[in-house]
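Me: I have a structure open and want to learn how to read it feature by feature. Can we start with overall shape and work inwards?

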2 protein chains.
Amino acid sequence: MMKKIERALISVFDKKGVVEIAQILADEFGVEILSTGGTSKLLRSNGIDVIDIADYTKSPEIFDGRVKTLHPKVEGGILFRRNNKKDLQEAQKFSIKPIDMVICNLYNFKEAISKPNLSLEDALEMIDIGGPTMIRAAAKNFNDVVVISNPEHYPKIIREMREKKGISLQTRAFLAQEVFFQVAEYNSIIANYFQNYNYPDLSFGDKIIKIYEKVQDCRYGENWDQFAAYYRDIDIKEGLYNIKKISGKEISFNNYLDIDSCMQILLDFNNSYYNTAILKHTSPNGVAVDKKHQLKSIQMAFKTDPMSAFGGVWGLNKPVSEETADFIVNKEKIFIEVLMAPSFEPEALDILKKKEKMILLEFGDFLTKRDKLYRNPELRSVLGGVLIQEYDSKPVIKNWRVVSNRGVNEKEKEALIFAYKISKWTKSNSACFVQIYDNGFYTIGIGAGQQSRVHVVKLAVQKAIEFGHKDELKDSLMGTDSFFPFPDGLEAAVEAGAKAIINPGGSIRDDLVIKKANELNCALIFCDKRVFRH
Amino acid sequence: MMKKIERALISVFDKKGVVEIAQILADEFGVEILSTGGTSKLLRSNGIDVIDIADYTKSPEIFDGRVKTLHPKVEGGILFRRNNKKDLQEAQKFSIKPIDMVICNLYNFKEAISKPNLSLEDALEMIDIGGPTMIRAAAKNFNDVVVISNPEHYPKIIREMREKKGISLQTRAFLAQEVFFQVAEYNSIIANYFQNYNYPDLSFGDKIIKIYEKVQDCRYGENWDQFAAYYRDIDIKEGLYNIKKISGKEISFNNYLDIDSCMQILLDFNNSYYNTAILKHTSPNGVAVDKKHQLKSIQMAFKTDPMSAFGGVWGLNKPVSEETADFIVNKEKIFIEVLMAPSFEPEALDILKKKEKMILLEFGDFLTKRDKLYRNPELRSVLGGVLIQEYDSKPVIKNWRVVSNRGVNEKEKEALIFAYKISKWTKSNSACFVQIYDNGFYTIGIGAGQQSRVHVVKLAVQKAIEFGHKDELKDSLMGTDSFFPFPDGLEAAVEAGAKAIINPGGSIRDDLVIKKANELNCALIFCDKRVFRH
């Protein structure tokens with residue numbers, strides 16, 4: 001059923017496109033236009049015939065515009081049911097004329113409160129009361145009323161009116177839906193503002209409202225039979241959706257998980273060096289930091305575990321050079337699923353694009369936005385709800401405490417912190433052995449996802465040996481994500497060749513662990529910060 | 001600054017407690033009461049003096065109550081600023097008297113749409129327009145107006161009025177905050193209703209609104225320095241928050257992760273048997289199904305890897321017996337962090353409660369609610385947004401395809417499905433070896449969290465051997481969560497003793513893998529469903 005428009009109420013905060021649509025409504029379709037305050041002035045100054053709401057209701061705009069449209073003639077004109085006899089009789093009796101279209105958008109509360117030092121008084125003034133009432137009334141009565149609460153729809157609505165001489169029920173229902181989402185969002189922003197005002201020191205409130213907007217449907221989820229999609233948080237300006245895909249197949253659900261982990265690893269390192277992180281199943285399987293060369297950095301990361309590196313997600317923190325692209329595609333012929341970097345040199349791109357399926361992602365200045373990215377907490381579903389926590393973004397070393405007789409030099413200290421960061425990003429329990437070379441550090445054995453400390457140490461050793469790093473285990477350095485409950489884990493590491501170990505400390509048997517370290521002449525550092533990741 | 005109340009507007013859908021508070025306001029504090037429709041009748045029939053809004057505004061209630069309070073005298077009376085000279089002059093000029101208190105709650109849209117076969121027309125009638133307008137206006141003007149949108153606050157407000165002869169600014173601001181959360185929630189429910197109406201076949205909409213309510217602050221998050229809390233989704237009726245803690249220390253963030261995984265494992269098994277799942281770091285380290293005895297079930301699960309079982313989360317699907325409690329506390333003296341079951345026999349509880357720190361959780365009929373629990377999707381943060389997917393709740397076997405020459409009997413089939421379910425719940429890549437005994441099945445080696453298939457198989461074998469299951473590997477059965485990219489993983493499993501293996505299939509080298517299975521006389525089943533879990 002097409003809805004013809006005879007009378008429209010136009011009252012907008014965002015004036016974009018309003019003159020154009022009003023003009024068309026008046027001139028082409030002979031619509032009678034009611035309007036308020038600033039909108040009314042604007043339309044009139046553009047030569048459009050407008051009836052002021054105050055004249056229409058015979059009730060003035062009062063309290064600096066706090067009350068303009070909140071009147072039975074307006075709300076009743078929107079709300080009455082055109083197919084209801086009693087409603088029609090009452091409308092006639094009280095001279096309430098039908099309003100068939102409402103064009104209205106709200107005071108921009110969100111933008112207002114983004115200004116620094118906005119007073120509470122000024123913020124309150126930006127809480128729209130009349131606007132939400134009108135558009136909600138129109139949305140409720142979408143059977144009889146067209147509501148346009150988003151200027152982006154103007155062209156579409158005009159097109160439909162021209163083509164169909166009215167607006168379809170389907171379009172009206174769609175517009176109504178949008179109103180309720182908008183108003184929900186609008187009120188949630190105000191609610192959060194009040195919460196911050198009432199409880200400025202509260203980390204997480206009693207209620208949290210999250211609004212997500214779809215970025216991409218995924219072909220499937222973690223597995224082939226799970227429906228899935230990727231959404232952005234409309235309150236957050238920085239995120240993975242800012243990363244640009246340059247070529248390759250569609251980004252999958254599991255790709256997103258790895259891309260997320262990879263970005264976070266890169267965010268944890270000094271961006272003036274050349275850093276490479278290679279991941280699969282959200283855990284790193286090779287990471288290297290080279291202070292001078294990109295190619296060397298990826299070579300060292302790759303050799304940790306070339307088997308797992310195949311088909312993995314690779315992240316670099318500097319523009320990809322031709323030399324690097326040549327190494328991957330031509331020299332080593334490595335199958336990479338995702339390669340991400342701030343940018344690609346044109347020559348590098350020419351080489352990489354030959355691999356049509358490989359997903360190339362350009363993340364620009366993403367790594368400069370660490371603080372912003374970590375401002376919002378992290379969510380994770382548990383049945384019927386979510387666990388919410390701050391991201392684990394604080395420095396991995398809370399206190400640097402050398403608890404053994406043997407100490408470490410500056411370079412070893414750097415290598416230990418490197419090892420500890422990798423351990424942080426590896427699924428718990430984790431252990432990571434690293435080595436030092438001229439220009440940097442690299443992983444030689446990473447153990448992931450074990451349920452006991454000693455096992456994960458042994459697993460890391462085993463992987464180092466399997467991929468040809470037996471000799472490099474000698475005088476290696478190791479980090480592991482929580483304390484040793486017994487000395488056996490430390491013993492296993494030293495036996496394999498470790499000369500220095502970092503972990504948070506905090507076990508009830510720390511004294512036994514320290515004693516064992518001294519017996520074995522191993523440097524042992526406690527840093528007082530655990531780095532679990534499940 | 002205390003706010004004194006001279007005039008209150010009362011218009012409620014939920015009538016609970018409204019007579020009492022109106023009576024007190026009128027009798028004790030001499031408040032003039034304005035009211036509408038049903039509320040007005042109720043108050044008057046209880047002997048309370050009430051002025052009808054229609055008489056007050058000289059404007060009748062119209063359109064079956066669609067328009068009652070939407071009038072400048074009402075909204076203006078709420079909205080004008082009592083400290084603003086111009087507002088005061090205008091109020092006087094247009095005979096707008098101040099309304100100092102608004103007691104109002106909304107049509108229960110959520111309850112209405114929960115009724116089966118509700119027509120769209122009836123649903124639309126339950127969208128409240130006047131109510132949200134009034135309470136939002138009052139909340140905006142909280143400086144001058146007290147708004148009570150939740151009947152639970154009546155006693156508190158009366159108490160404050162009696163004690164302080166008015167309502168403090170702090171209370172008013174708190175009440176205003178609540179209004180905006182309520183209205184956000186109210187509109188999000190309507191928005192979701194419209195979305196389902198407009199797009200009945202849509203799995204996930206373009207926008208998703210989630211409202212979470214805090215259940216518990218956690219002492220810390222995944223690590224000691226992360227702030228964290230556990231929230232319920234207000235739209236979901238079944239969840240972990242229904243589980244009752246009987247004794248023990250506070251449930252930690254990491255406990256919740258494990259409890260969630262443990263519940264989901266139990267949900268995956270036939271509840272008429274005795275099932276035990278033991279977890280740490282969200283992966284199982286021992287699971288057993290015994291068709292007759294609880295004690296036997298936990299003994300078999302425990303012996304898989306007694307080291308990791310210590311300090312773990314243990315879940316049982318049947319009431320805990322005295323015999324079981326005695327085994328844990330007295331015989332084996334196992335330190336368990338969380339023990340969860342539908343209930344505990346009194347004798348069992350006496351024994352278990354001796355361990356004061358052990359967290360005992362009673363989950364009642366939780367396991368009967370699988371369908372409801374999985375109705376809503378799962379969320380997981382990635383920077384700036386979330387990945388949303390259906391839970392992996394479909395049967396783990398999509399097609400049972402024996403692709404080898406060797407087949408399996410019914411018992412072996414059952415054991416393979418058991419193995420595959422454990423692999424599903426173990427972090428990817430995973431592999432699980434199981435054995436059959438008289439009354440059931442149990443795990444003998446579980447490999448978790450590896451980045452290559454062959455490694456995780458070897459890891460599972462290694463753990464089986466370490467914990468004394470070398471002999472049981474002979475003629476064992478294995479499940480692994482995705483396909484073999486090469487035959488080497490299958491070879492490693494058969495070499496260790498496996499006689500039958502299940503995986504989804506789907507590798508480009510499936511033919512080589514099948515060939516190898518036949519060479520080694522191993523039964524190989526493809527089930528066409530991958531069970532990754534990251």
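Me: What is the radius of gyration of chain A, against that of a compact globule of 534 residues?

Reply: The radius of gyration is taken over C-alpha atoms, and the globule rule is 2.2 Å times the number of residues to the power 0.38. The rule gives a value near 24 Å for 534 residues, but chain A has 31 Å. Along the principal axes, the C-alpha atoms of chain A fill a box of roughly 100 × 55 × 40 Å. This is a predicted model: local features need pLDDT of at least 70, side-chain atom pairs count only at pLDDT 80 or more, and totals for chains, interfaces and linings use all residues. Residues are numbered from 1 along each chain as its sequence is written, while chains are lettered from A and ligands numbered from 1 in the order in which they are written.

Me: Into which domains is chain A divided?

Reply: Domain bounds come from an automatic or database domain assignment. Here they give domain 1 (7-198), domain 2 (243-379) and domain 3 (401-526) of chain A. The centres of domain 1 and domain 3 of chain A, taken over C-alpha atoms, are 65 Å apart.

Me: How many helices and strands does chain A have?

Reply: Helices (H or I, at least four residues) and strands (E, at least two) are DSSP runs, numbered from the N terminus. Chain A has 21 helices and 21 strands.

Me: What share of the residues in chain A is buried?

Reply: A residue is buried if 20 or more other C-beta atoms lie within 10 Å of its own, exposed if 12 or fewer, and partly exposed in between; C-beta atoms are placed from the backbone. Buried residues make up 56% of the 534 in chain A.

Me: Which residues of helix H20 of chain A are buried?

Reply: An α-helix has 3.6 residues a turn, so residues three or four places apart point the same way. In helix H20 (residues 488-496) of chain A, the buried residues are A:Gly489, A:Leu490, A:Ala492, A:Ala493, A:Val494 and A:Ala496. Among the elements of chain A they pack against are helix H18 (453-466), strand E20 (498-503) and helix H21 (510-519). A:Gly497 follows H20(A) and has a positive phi, near 130°.

Me: How many residues of strand E10 of chain B are buried?

Reply: Eight of the eight residues of strand E10 (residues 283-290) of chain B are buried, so the strand is largely enclosed by the rest of the structure. Two strands pair if DSSP finds at least two bridges between them. Strand E9 (residues 274-280) of chain B runs antiparallel to E10(B), joined by seven bridges. In that pair, B:Thr276 stands opposite B:Ala288. Their hairpin has two residues between the strands, and B:His281 takes a positive phi near 50°. Strand E18 (residues 440-447) of chain B is also antiparallel to E10(B), with three bridges. There B:Val289 faces B:Phe441.

Me: How many residues of chain B are in contact with chain A?

Reply: Two residues are in contact if their C-beta atoms, placed from the backbone, lie within 7 Å. By that rule, 113 residues of chain B are in contact with 112 residues of chain A. Helix H10 (residues 169-198) of chain B gives the most to this side of chain B, with 16 residues. Strand E6 (residues 207-218) of chain A pairs with strand E6 (residues 207-218) of chain B, antiparallel, over seven bridges. A:Ile208 stands opposite B:Tyr212 in E6(B).
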